[in-house]
Amino acid sequence: MTAILGLTGAAWSLSADRERRLMYPQNWIPSMLWSKEFHDPQHVAFWKEQLAKEGRDWIEPIPDS
């Protein structure tokens, strides 16, 4: 059972590290919590620049409670 959980965790981490979006989401999505694209300063700057060109707003990755 521990091996299965370990493999699942490793696959999840690898998937999150490689996740890339071609289009910014229209609404908040759960993967914004762990995706590097929404937390890494370089990616955030890129998306904010793209959204400004489109006249859209940045969606905070961690929603207000």
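Two residues are said to be in contact when heavy atoms of theirs lie within 4.5 Å. The structure described here is a predicted model, in which local features need a pLDDT of at least 70 and side-chain atom pairs count only at pLDDT 80 or more, while totals for chains, interfaces and linings use all residues. Residues are numbered from 1 along each chain as its sequence is written, and side-chain values use heavy atoms, with hydrogens and water left out.

The chain contains two helices and zero strands, where helices (H or I, at least four residues) and strands (E, at least two) are DSSP runs numbered from the N terminus. Its radius of gyration, taken over C-alpha atoms, is 14 Å, well over the 11 Å that the globule rule (2.2 Å times the number of residues to the power 0.38) gives for 65 residues, so the chain is more spread out than a compact globule. Along its principal axes, the C-alpha trace spans about 50 × 25 × 20 Å. Among contacts between residues at least 6 apart in sequence, 40% join residues at least 24 apart.

Of the 65 residues, 25% count as buried, a term that means under 20% relative accessible area, with exposed meaning over 50% and partly exposed in between (1.4 Å probe, protein chains only). Ser-31, which lies in the loop between helix H1 (2–18) and helix H2 (41–54), counts as buried because its relative accessibility is 10%. When its neighbours within four places in sequence are left aside, Ser-31 is in contact with Glu-19 and Arg-21.
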